[in-house]
Amino acid sequence: MASRDPILVDLALQGGGAHGAFTWGVLDRLLEEDWLRFDGISGTSAGAMNGTVMVDGYSADGADGARASLETFWRKVSDAAKLSPFQRTPLDVLLGRWTLDYSPAFIAMDLMARVFSPYELNPMDSNPLRNILAHCVDFERLARANQAVHHGHQCPHGARPCVSQQHHYARRPARFGMPADHVSSHTDRRRAVLGRRLFRHPTITPLVRECTPKDTILIQINPVHRHGTPRTARDILNRLNEVSFNSVLLKELRRSRCSAR
């Protein structure tokens with residue numbers, strides 16, 4: 001089979017918590033293609049973590065290192081969830097339903113989160129993901145990586161979103177990319193909210209303005225279209241979130257397309 005000429009592309013990775021495992025699968029497949037080269041990566045929440053783990057692994061051992069690092073990261077996330085109180089009910093397991101909608105612990109926490117802030121529910125700032133990231137990512141090596149990783153977050157002191165690059169986190173690996181709802185994280189003398197309710201779309205602007213490639217691969221988690229009308233309270237809230245996140249992303253895509261002309 002004839003080899004293909006290398007193509008340089010950017011990656012835009014949408015956030016979505018545990019749904020970021022879908023992005024892992026897509027990245028794993030893309031990394032199998034030796035003709036693809038990656039320049040800039042933009043991501044938010046789970047997307048930022050996928051991009052960071054991928055670039056750090058790539059810096060260590062190329063595409064194979066990136067694939068291995070992503071698998072290690074998500075395996076550790078999966079193992080950490082084994083002892084979580086948020087589990088599927090026996091009926092869900094029996095019927096093969098992968099949902100927490102009927103989990104008593106999840107329902108209780110969801111209701112409490114609407115009344116109490118994360119600072120009240122988790123005053124000790126316990127976060128198992130922090131240790132996983134510190135174990136999986138060499139932040140000093142990441143800061144020297146050739147690929148640029150743009151992390152999108154929302155500053156709680158203003159309405160304008162912020163974008164940081166990996167060197168901002170080289171000295172603060174323990175505070176990188178915590179996907180807690182509305183909890184702010186320290187990022188280079190600033191506080192940023194990486195919560196899923198505020199900022200889950202990947203920012204496209206730095207890829208257009210600062211990176212060389214003309215092509216960007218967008219890995220989307222939230223569907224733009226759904227069949228049927230949502231009728232339950234949870235379905236309506238989920239669809240509202242999908243519409244709000246995707247509307248911002250679509251507007252930025254249009255704006256970036258005009259800027260690139």
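1. In this predicted model, strands β1 and β7 (residues 216–219) run parallel to each other and are joined by four bridges. Within that pairing, A12 has L218 of β7 as its bridge partner.

2. Strand β1 (residues 7–13) also pairs with β2 (residues 36–43), again in the parallel sense, over six bridges. Between β1 and β2 the chain passes through helix α1 (residues 20–30), giving a β-α-β crossover that is right-handed. Strand β1 is mostly covered, with five of its seven residues buried.

3. Helix α2 (residues 46–80) deserves attention. Its end C-alpha atoms are only 16 Å apart, whereas a straight helix of 35 residues would span 51 Å. At D61, α2 bends by about 140 degrees.

4. The count of aromatic pairs is two. One consists of F73 and W74, in an edge-to-face arrangement with 5.3 Å centre to centre and 80 degrees between the planes. Both of these residues, F73 and W74, are buried.

5. The other pair, F86 with F106, is edge-to-face as well, at 6.4 Å centre to centre and 90 degrees between the planes. This pair links distant parts of the chain, 20 residues apart: F86 lies in the loop between α2 and α3 (90–95), and F106 in helix α4 (residues 104–113). F86 counts as partly exposed because its relative accessibility is 30%. F106, at a relative accessible area of 24%, is partly exposed too.

6. R4 places its charged end over the ring of W35, 3.7 Å from the ring centre. The charged end of R88 lies over the ring of W98, 3.7 Å from its centre.

Terms used. Residues are numbered from 1 along each chain as its sequence is written. This is a predicted model: local features need pLDDT of at least 70, side-chain atom pairs count only at pLDDT 80 or more; totals for chains, interfaces and linings use all residues. Side-chain values use heavy atoms; hydrogens and water are left out. Buried means under 20% relative accessible area, exposed over 50%, partly exposed in between (1.4 Å probe, protein chains only). Helices (H or I, at least four residues) and strands (E, at least two) are DSSP runs, numbered from the N terminus. Two strands pair if DSSP finds at least two bridges between them. A crossover is right-handed if, with the strands pointing away from the viewer, the path from the first strand over the helix to the second runs clockwise. The expected span of a helix is 1.5 Å times one less than its number of residues. The bend at a residue is the angle between axes fitted to the seven residues ending there and the seven starting there. Rings of Phe, Tyr and Trp (its six-membered ring) pair if their centres lie within 6.5 Å; planes under 30 degrees apart count as stacked, over 60 as edge-to-face and the rest as tilted. A charge sits over a ring if NZ of Lys or CZ of Arg is within 6 Å of the ring centre and within 35 degrees of the ring normal.
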